[in-house]
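Here is a friendly walk through one protein model, with the sequence and coordinates to follow along. Please keep the viewer open as you read.

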Amino acid sequence: MEQATFGAGCFWCVEAVFQNLEGVEKVVSGYTGGRIANPTYKEVCSGLTGHNEVTQITFDPQKITFEELLEVFWKTHDPTTLNRQGNDVGDQYRSGIYYHNEEQKRLAEEYKQKLNDAGAFPKPIVTEILPLGTFYRAEDYHQNYFNLNGSQPYCQFVVKPKVDKVKAVFGEKLKKATA
């Protein structure tokens, strides 16, 4: 098993996007990149800690590669908006790839450059690519959030469209039970 850590807005969205992919064994919502140890959700949401909401993905590289995870990452959020995803505004919602090794760094930087060179987005990509610092697991009520709270308005209007997009665009990569 390997791990990947991504920030792409609210971690409820990112978690829901990745957890149904074949080869993804576990997705944990949490925080990284900040100035204090063991931050709470309330502290991170204040925007004062410097943490980013992220998801840490444990995956089987024999079933899904890091490059495939990157493809889903780039296609399921707007990597050109600084410290914002939709109505979620603040540096805790920044786009980021937090690599676990030099190979992940190389692949992430190459993919980002390829997208920028091709003009894949109308503006330059602002996604930060940094070594993973300390990862702090978010509170239990944030874990598996969409699956447990899918009828809530935020989940219906923000998370569900991203999940539906993954099902439409990446149907062949879904676990058989969710395809």
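## A covered helix

Helix α1 is mostly covered, with 8 of its 8 residues buried (buried means under 20% relative accessible area, exposed over 50% and partly exposed in between, with a 1.4 Å probe and protein chains only). Those buried residues are Phe11, Trp12, Cys13, Val14, Glu15, Ala16, Val17 and Phe18. Helices here are DSSP runs of H or I with at least four residues, and strands are runs of E with at least two, numbered from the N terminus.

This is a predicted model, in which local features need pLDDT of at least 70 and side-chain atom pairs count only at pLDDT 80 or more, while totals for chains, interfaces and linings use all residues. Residues are numbered from 1 along each chain as its sequence is written, and side-chain values use heavy atoms, with hydrogens and water left out.

## The cavity beside it

How many cavities of 30 Å³ or more does the structure hold? There is 1, and about 50 Å³ of space lies in the largest cavity. A cavity is a set of points on a 1 Å grid over the protein atoms alone where a 1.4 Å probe fits but cannot get out, and lining residues have an atom within 4 Å of a point. Grid points are joined across faces, edges and corners, and the volume is the space filled by probe spheres set on the points.

The lining consists of Ala8, Cys13, Val14, Val17, Phe18, Phe73, Thr76, His77 and Lys162. Helix α1 gives the largest share, 4 residues. By type, the lining divides into 6 nonpolar, 2 polar and 1 charged (Ala, Val, Leu, Ile, Met, Phe, Trp, Tyr, Cys and Pro count as nonpolar, Asp, Glu, Lys and Arg as charged, and the others, Gly among them, as polar).

## A bent helix

Lys162, one of the lining residues, is also among the buried residues of α6, together with Cys155, Val159, Val163 and Val166. The buried residues of α6 pack against α1, α3 and α5 (145-149), where contact means heavy atoms within 4.5 Å.

At Val159, α6 bends by about 40 degrees, and Pro161 follows within four residues. The bend is the angle between axes fitted to the seven residues ending there and the seven starting there.

## Two asparagines

Asn38 has a positive phi of about 50 degrees although it is not a glycine. Asn38 sits in the loop between β2 (24-32) and α2 (41-45) and is exposed, with a relative accessible area of 59%.

Asn83, with a positive phi of about 55 degrees, is not a glycine either. Asn83 lies between α3 (66-75) and β4 (84-85) and is partly exposed at 25% relative accessible area.

Conventions: 1 Å grid on protein atoms, 1.4 Å probe; cavity = no way out; pocket = protein on both sides within 12 Å on 5 of 7 lines; lining within 4 Å.
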